Amino acid sequence: MNELQARARELSDRISDLLVRLDLARDEARVAELEQQTLAPGFWDDAATARKVMQELAARRERVETWRGLERRAREAGELLEMAAAEDDEQTAEEVRKELDAIEDELRRLEFQLQLSGPYDMRNAILAVHAGAGGTDSQDWAEMLLRMYLRWAERKGFETEILDLTEGEEAGIKSATVEVRGPYAYGYLKSERGVHRLVRLSPFNSAATRQTSFAKVEVMPEVDEVGEIEIDPDDLKIDVFRSSGAGGQNVQKNSTAVRITHIPTGIVVTCQNERSQAQNKESAMKVLEARLLELELNRQEEEKARLKGEHVDVSFGSQVRNYVLHPYKLVKDLRTGYETTDTTAVLDGEIDPFIEAYLRAQVGQEES
């Protein structure tokens, strides 16, 4: 019983120390401030600003409620244990032991989430998948990756919206751009940037020979602050065209697809999944803003590396993960060494262990 009481006190002290370091009182003050904003007359007149306020309010409120809830559970467990000790109640003590185990598990999960402390980690993400060289096999691989990320997002409770998708001639996709909405979507998905390599027996040739395919994944934080990225309208070249897709009755009769070229950088974005030209233009601008923000982040990383005398690859074009389906089954991350033979689960969206291994490795690098 004394050992359990000591454990309960230690756990409670750990949580209290973390709450001080996190300055949770600041979050509580911000929640109160945002709640007052939502009550102001005309709050919903500007829908875009109101949405951002509500997103921040939801994220901060969840953070406060989660940590305060854990603090309360630890305190109540300690109090219950004191009563159990006074009455020599072993049954209650065993129940408290299980509760302390559950609290420790939750604390470990939350401590891991604290690794997502970058300035953009809490934001929504724009994820793009591009088929590499390799024809139909690579296009099929790009579609497999797209499905993997959509399933992962579904497991996490994130919302997804396909902003643009270009299908392959025979199978698969040439490219796809997806908006992933949810707390820390960018913080989690930034680990996926780079080239993903697949080795398997090709289903697209009669000899069924072993085929290596590549696909590139890009992940950008969504711009959600007014004025964060300034775009001069004169720097844009906007073209409209008919959306590609199935023929017959589904073929687009009107030019609703939008292509925007940012002349100073040469960045080109297209969106054609919405039914109206205005919606496609809005989505294309969202992707362009994210790409320009990523460009600025890359520039900052290069400058930091230059000052440290280091070389850093900010193109995210390097190979990050191998997926081998033949002659054996293995998915291995080349940056962290984490691997698993359960390739089916990974391709079905169970990629959290890879994401967590990457984030822990990044923390280690930052501390070294």
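This is a predicted model: local features need pLDDT of at least 70, side-chain atom pairs count only at pLDDT 80 or more; totals for chains, interfaces and linings use all residues.
Reader: Are R14 and E111 buried, exposed or partly exposed?

Author: The class follows from the relative accessible area: buried is under 20%, exposed is over 50%, and partly exposed lies in between. R14 has 31% and is therefore partly exposed. E111, at 28%, is also counted as partly exposed.

Reader: How many salt bridges does the model contain, and which residues are linked in a network?

Author: The count comes to 38 salt bridges. A network of them links D27, R30, E33, E56, R60 and R63.

Reader: With which residues does D348 form salt bridges?

Author: One partner is R147, with a distance of 3.1 Å from N to O. Another is R155, whose closest N and O atoms to those of D348 are 3.2 Å apart. R155 lies in helix α5 while D348 lies in the loop between α8 and α9, so this pair ties together parts of the chain 193 residues apart in sequence. R155 is partly exposed at 44% relative accessibility, and R147 is partly exposed at 42%.

Reader: Where is E192 found, and is E192 buried or exposed?

Author: E192 sits in the loop between α6 (185-189) and β4 (194-201). Its relative accessible area is 0%, so E192 is buried. The side chain of E192 makes a polar contact of 2.8 Å with that of Y149, and another of 2.8 Å with that of R321. Leaving aside neighbours within four places in sequence, the contacts of E192 also include M148, V217, I351 and I355.

Reader: Which residues have the most contacts inside the largest nonpolar core?

Author: They are L145, Y149, Y188 and Y323, in a core of 57 residues. Helix α5 (residues 135-156) supplies the largest share of this core, with 8 residues. Beyond its neighbours within four places in sequence, L145 touches V129, H196, A215, V217 and Y323. A second, separate core has 26 residues, among them L4, F43, V53 and L81.

Reader: Why is strand β1 described as largely enclosed?

Author: Strand β1 (residues 125-131) has 7 residues, and 5 of them are buried, so the rest of the structure largely encloses this strand. Its pairing can then be read bridge by bridge. With strand β3 (residues 173-181), β1 pairs in the antiparallel sense over 6 bridges, and A128 has T177 as its bridge partner there. With strand β5 (residues 210-221), β1 is joined by 7 bridges, again antiparallel; in β5 the bridge partner of A125 is P221.

Reader: What is the strand order in the open sheet of 3 strands, and which strands stand at the edges?

Author: The order is β6-β7-β8, with antiparallel pairing. β6 (236-241) and β8 (267-271) are the edge strands; each has a single partner, so one side of each lacks a neighbour in the sheet. From one strand to the next, the twist averages 15°. Between β6 and strand β7 (residues 257-262) there are 6 bridges, and K237 stands opposite T261 in β7.

Terms used: Residues are numbered from 1 along each chain as its sequence is written. Side-chain values use heavy atoms; hydrogens and water are left out. Two strands pair if DSSP finds at least two bridges between them. Helices (H or I, at least four residues) and strands (E, at least two) are DSSP runs, numbered from the N terminus. Axes are lines fitted to C-alpha atoms, for helices over the stretch in contact, and angles run from 0 to 180 degrees between N-to-C directions. Buried means under 20% relative accessible area, exposed over 50%, partly exposed in between (1.4 Å probe, protein chains only). A nonpolar core is a set of buried Ala, Val, Leu, Ile, Met, Phe, Trp, Tyr and Cys residues joined through side-chain atoms within 4.5 Å. Contact means heavy atoms within 4.5 Å. A polar contact is a pair of N or O atoms within 3.5 Å; within protein, one must be able to donate a hydrogen and the other to accept it, and residues adjacent in sequence count only if both atoms are side-chain atoms. A salt bridge is a side-chain nitrogen of Lys or Arg within 4 Å of a carboxyl oxygen of Asp or Glu.
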